[in-house]
Amino acid sequence: MAAAVLFVSSVSLRAQSLPDNIDISGSPNGIVTLPGTVSSVFTNVFDRYTKITAPNGRSIHFLLQSNVTDEMAVRAREVMRFYLTDAPGTQYGSNKTAIANRMANVDATLVYFNTEQAAQQAINGPLGNTNLFFQDLYATESIVEGSSSYISNNNRDATLEEVFHLVHGAGIRNGLPAYHSEMTAAKNAAKTAGMYTPPFGLPVQDEVFEYIISVIDVYYGFWGHDPDGDGTSFGGEYIFHTQADVIAGDPAGVTAMLKFLPTVFSFDCTVASQFNGTFSLIFNGGVEYTHKSQYLTEVTLSGNNASGLRGNALDNVLAGNANNNVIDGRGGVDAAVFQGVFSEYTVQCNSASITVVDSVPARDGTDTLISIEELRFADQFVDCTWQDLGGGTVGSHGAVSLTGNGSLVGGSVAGLDLTNAPPGVLSLAWLSFTSVPLPAFSGTVFASPFSGQFLFLTNGSGALSLGTTWPTGIPAGTEVWFQFLVSDPSVIWDITLSNAVKATTP
Ligand SMILES: [Ca+2]
Ligand SMILES: [Ca+2]
Ligand SMILES: [Ca+2]
């Protein structure tokens, strides 16, 4: 069991503290060498640093000892960020600004040691006299998603626990005293009912800290695999080990947890660089790690293996690494994230997948997306429902522009809008189900061979708006091309071509 006690240093000995202005902006992962300008009380023990900046501009610190990997430190920081992200609709967590500010104001610091022994040595020395509100965590109890320890489930992960202790102790206890009291009441009820048994010797005022994190750890799936094989968690302290168990057996505890935290464990998870294979967020009883991964929603591959991601039924935010990845969102409205701006990529919408090719070497590679509904580039979000294929020509009123709109979900409204045509002229809409692009009229007709054609008249502004209810029952991935041939006596052929648009049903 990891250290669970919250350390607050003696007021009379307050001396060294950490500045708020340690600059981490130059580091891609936000981890920097601990500057030599801070007190040797810190540099004698720790070598690296990262932080979360609270809304008030002050810092929540992370001090890192040598064996704490960057992956571990980023993970702990992102778990903290998750805890401090507003959880809409919750009684105490819908606006966490005051909690984060309070933590920063008391110099809340995660002191991340190599081992428990290293922590004891440092805390019994000068570090114990600093002006910090600190909580310890050890590299030996840190399991990064996708690492060999994570896959084999053979080691305790204390990150969720220790990071929440810091939020609870430095932020919630005095910032939300009514909430602290509610959690204490849930703890007392669980203790009376024999569901929660605190470890021997734990001061009674510390029990609520250990109890609520038992609920949190179990709810987010960290004990589902039942490492002790006895149907409990935390070495028997808490008698539940799966989310279903704890919801059914300790609803008061779950209710308390969900007054501050969301039901979905949406921390920004980066899979360890060593991982090779398809990282799955779908529970499979034969794959131990999926007891945990089934609750993740936001996952990024790192390193350079040609690995894949398989999302779950939740709305996922997924990103590959520098190699070529297959990213399958499965159910839900899923997003794939890319590092560069849209113009740097080629996006090919196929019938059952989307291929995204990065023109910048060694960045995102060529990724294949399946059941992904949104592509997030650095400058814009795009989807494959409506694609502008170009191919149009310039007429007497400029380039005739065609856009499509609507989600193409059966029963919803879909439309086409034509602009920049001459006023009051005949316009022929071509519709094609199998595009064989045809160079014609000085442009390219993509809606060819046409499967249907319809005649319309533009209005006095040279525009045309068509709307319809999209039919139900059209299979996902069905493609339809649209393009207009516009009468324009001032150009050769008497015809101006609009650009073509391609619709792909979701
Ligand atoms: Ca999904
Ligand atoms: Ca990639
Ligand atoms: Ca999906």
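Because the model is predicted, local features need pLDDT of at least 70 and side-chain atom pairs count only at pLDDT 80 or more, while totals for chains, interfaces and linings use all residues. Residues are numbered from 1 along each chain as its sequence is written, and chains are lettered from A and ligands numbered from 1 in the order in which they are written. The protein chain has an average pLDDT of 93, where pLDDT is the predictor's confidence in each residue, from 0 to 100.

**Confidence and overall make-up**

- A pLDDT of at least 70 is reached by 97% of the residues, whereas residues 9-14 stay under 50 and have nine contacts beyond four places in sequence in the model; two residues are in contact if their C-beta atoms, placed from the backbone, lie within 7 Å.
- The protein chain contains 11 helices and 31 strands, taken as DSSP runs numbered from the N terminus (helices are H or I with at least four residues, strands are E with at least two).
- Along the principal axes, the C-alpha atoms fill a box of roughly 90 × 50 × 40 Å.
- Of the 506 residues in the protein chain, 44% are buried, meaning that 20 or more other C-beta atoms lie within 10 Å of the residue's own, with C-beta atoms placed from the backbone (12 or fewer makes a residue exposed, and anything in between partly exposed).
- Among contacts with a separation of 6 or more, 63% join residues 24 or more positions apart.

**Domains**

- The chain is divided into domain 1 (1-175), domain 2 (176-263), domain 3 (271-382) and domain 4 (386-504), with bounds that come from an automatic or database domain assignment.
- The C-alpha centres of domain 1 and domain 2 are 23 Å apart, and 21 residues of domain 1 are in contact with 20 residues of domain 2.
- On the side of domain 1 that touches domain 2, α6 gives the most, with 10 residues.
- That side of domain 1 has nine nonpolar, nine polar and three charged residues, where Ala, Val, Leu, Ile, Met, Phe, Trp, Tyr, Cys and Pro count as nonpolar, Asp, Glu, Lys and Arg as charged, and the others, Gly among them, as polar.

**Helix α8**

- Helix α8 (residues 207-219) has 13 residues and should span 18 Å at 1.5 Å a residue, which agrees with the 18 Å between its end C-alpha atoms; the expected span is 1.5 Å times one less than the number of residues.
- Because 12 of its 13 residues are buried, α8 is largely enclosed by the rest of the structure.
- The buried residues of α8, including Phe209, Glu210, Asp217 and Tyr219, pack against α6 (159-175), α7 (177-192), α9 (243-249) and α10 (251-257).
- Glycine 221, which follows α8, has a positive phi near 90°.

**The six-stranded sheet**

- Six strands form an open sheet of mixed pairing in the order β7-β9-β11-β13-β17-β18, two strands being paired if DSSP finds at least two bridges between them.
- The edge strands β7 (265-270) and β18 (381-382) each pair on one side only.
- Strands β7 and β9 run parallel and are joined by four bridges, with cysteine 269 opposite valine 299 in β9.
- Strand β9 (residues 296-300) also pairs in the parallel sense with β11 (residues 317-319), over three bridges; valine 299 stands opposite leucine 318 in β11, and threonine 300 has alanine 319 of β11 as its bridge partner.
- Four of the five residues of β9 are buried, so β9 is largely enclosed by the rest of the structure.
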